[in-house]
Amino acid sequence: MPTFTSHIAPQELARLASREYPSAETPVLQAAAEARAKGYDTICYPLTTDNWKTRWQDMCLLPGEDVKDRNALEQRAEAWRAKPAFLRDEITVTRLDEAEGAVVLISDWLELDASDDWVRHDAETALQQELAYASYLNAHTAVLPPPRNREHAASYARAVNACLHAVPFLELSVRISIYDPSVFRASSTPRGGRTPEPSSAVTVAPAQTPISTWEMWDLIHSTCDYNQRLSLTLDLTLPLPSTLGVLSQWLAEPVRHIFLPASAFIANAKGYPVLPKGTQAFIRDVMKLQPNIILSGTSAGRHGKGGESAYMQYIRHLEKTSPSVQAAQTEGTVEHFAQGYQDYLQAPLQPLMDNLQSATYQTFEQDPIKYRNYEEAIFLALSEWPRPGKILLCVAGAGRGPLVARSLAAIKRSGKDAFVYAVEKNPNAFVTLQDRKRREWGDSVELLYGDMRTLVVPEKVDILVSELLGSFGDNELSPECLDGAMRFLKSDGISIPASYTAHIAPLSSSKLFNESHSAKDQRTSAETPYVVMFNAINILSGDGGGVSGACGPSIQECWEFEHPRRDAVLDERGLPFTNSHNTRSAKLAFHIPHAGVLHGLAGYFEARLYGSVGLSIHPNTMDKVSRDMLSWFPLFFPFRDPLYLPGDSELHVSIWRLTNQRQVWYEWHAEAFLPVPRSTTRPGATPHVTLIKRQSQDGTLLSPRPRSAVALSPLIDAVDMPFIVETALEGGEGSKGVELVKIGQTALHNPHGRSSWIGL
């Protein structure tokens, strides 16, 4: 659940300082005590006072060229740069207990992205001084001033990266608005004149897009190499954009704090504070990240009803009505089952190489939905069986016996005369099967011990039942296992499952990127598919054909396996000669409607058990097919390096399922393309050419800066020519359709199974 923090403004600290307290009390400790009494978990306050701002400006921003004692001012500034230090009246706290558990705000007037080099330099020096003092007081989190100037965002990012290395242990959080295009136009007065105070007010500039601040955050985050001590404080002062695709980008980022001033609230019909609908929806969505909510200005009496407590009560109401929170609190849902496992990487099972533990079986057997659907599929197959007489069933991979029990229940429901064989290779689980046969099943079941790929069964069966599926359908070697088990099946027999398909979608998640790169051998860890209960992710792809019209849906099918295989070429034992028939490949094109960073691929599966009964973890079908099924989390295919994808770009993903005589593995690769207008010139058309010369100050003719009529790929080389040529065609349009320009690619991941594979 979220935590709540009360923002203590400088004016409030000044008011508290004017009171008299016992010797052990300070204004900050009094503010913390009052906040806790009101239900807050902690407080947030500025680390420095206006005295520090005044001294810094006097030292670092010279008032003009004709100032007296300029040399003395310069010497004073140089002395500070050599040994940065505070005076007592420049900071708000001095004691460990004042900083304990609190969130400190670094001076928001520091411009790390100022246009002037000296301002940036001195702002970075001041930032490191403030962070060093916060670290001295053992503060846990410091919120940095917001970036303001897109042109120098890289300088801001470099400064933050330097601070992360200079100040250990302290978590740094970048305060940034979800959208704030106008701040990129802010600039600092050069060192020759005093700079105006940066304004926190913003206006929307139509030339920018709502994702501009996200792109700036991504620049900072990637420059700092996804440092896990760098987090995000989202400022929700402004009304939010209504485009959900834009907002979802932030849900894949390390959002630790939400800054929510009273001015962001509006009064409802009764005068109580509420949030606009767009902000409400975002708050409900972001609750799955369990952020810290920083409430500011709630004691100012801005709204007529409810008082200060109404703001926190309203946010708690949004939390309770959050779909993700409601699902996590409802028993029987996958969200409730997966608590504690969100975004936690797990290695897929190796069912042929390893014998599962009883606790693992126990976990899977807690899934009532999967076994209910299996029983229904077996019941339908028995009910529709066309011939009279005894029906033979075989459960291949019986484990501890849940499918055997469900098969017997389906037989009883159908009223058919049937018998069950149960095959299991795990010697430990086979003991449990023997115990259940003695206590529960009796002569209605015969147990067979051995590997289904080589075991000889007494007779062929009519229905073969198995639960060998993995998160990607085939990633636990269901095709290979069932190749051998199909020897048990009569020529007109039924396999349950009858088929299954694998699906992928491109995703962004800084959390999963960090987790997959946390091992010492990053190449191996970043080339290993993982089972993950997704939480802080953003699916980058959208439905529709995209600009080129050639893209598929947001989640696309890779391949399918069917059982039994009707075209199988078998040896005298009934086994395939090789495993090459189980190789697969797919080349898929995804439309990327909003800019984002590719960190990996989400893998899902759908299975048809029998008739219309199935299993699915596909986000678009799971609720209809097998809602709240617990047995499978999705599969995550990581990429070693992030790949930035601009809005309206295309991502072409290639994925392969490969095999040799000992192993099965996946390889994956992606390419990014930008659709641009295709320019075509008709034969005989005469272009109008405008020649624009460019000269240097000494009169020398220079080659012009390249200019293009379309937004070409940043990877296209500019043509250096002595004149700028502008063309226009007579008698018609100059372009038809689009062409794809390549703008990036990933490495080929896991070639020849060097990092991850499933053993046969």
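The model is a predicted one, and residues are numbered from 1 along the chain as its sequence is written.

Among the aromatic side chains, the count of ring pairs comes to 22. One of them joins F86 and Y133 in an edge-to-face arrangement, with 5.7 Å from centre to centre and 75 degrees between the planes. This pair links distant parts of the chain, since F86 belongs to the loop between helix 4 (70-82) and helix 5 (96-99), while Y133 belongs to helix 6 (residues 117-136), and the two are 47 residues apart. Both F86 and Y133 are buried.

Another edge-to-face pair is made by F534 and Y604, whose ring centres are 6.5 Å apart and whose planes stand at 80 degrees to each other. Here too distant parts of the chain are linked: F534 is in the loop between strand 17 (530-531) and strand 18 (538-539), Y604 is in strand 21 (residues 596-610), and 70 residues separate them. F534 is buried, and Y604 is buried as well.

Returning to F86 and Y133, one finds that ring pairs connect these two residues with W52, W56, W80, W109 and Y136 in a cluster.

Rings also take part in another kind of arrangement, in which a charged side chain is placed over the ring. The charged end of R413 sits over the ring of F379, at 4.1 Å from the ring centre, and R584 lies over the face of F561, at 3.9 Å from the centre of that ring.

Leaving aside neighbours within four places in sequence, E467 is in contact with K370, Y371, Y374, A396, G397, P402 and L403. With K370 there is also a polar contact, made between the side chains of E467 and K370 at 2.9 Å. E476, again not counting residues up to four places away in sequence, touches L349, P351, L468, L469 and G470.

Note on methods
Side-chain values use heavy atoms; hydrogens and water are left out. Rings of Phe, Tyr and Trp (its six-membered ring) pair if their centres lie within 6.5 Å; planes under 30 degrees apart count as stacked, over 60 as edge-to-face and the rest as tilted. Helices (H or I, at least four residues) and strands (E, at least two) are DSSP runs, numbered from the N terminus. Buried means under 20% relative accessible area, exposed over 50%, partly exposed in between (1.4 Å probe, protein chains only). A charge sits over a ring if NZ of Lys or CZ of Arg is within 6 Å of the ring centre and within 35 degrees of the ring normal. Contact means heavy atoms within 4.5 Å. A polar contact is a pair of N or O atoms within 3.5 Å; within protein, one must be able to donate a hydrogen and the other to accept it, and residues adjacent in sequence count only if both atoms are side-chain atoms.
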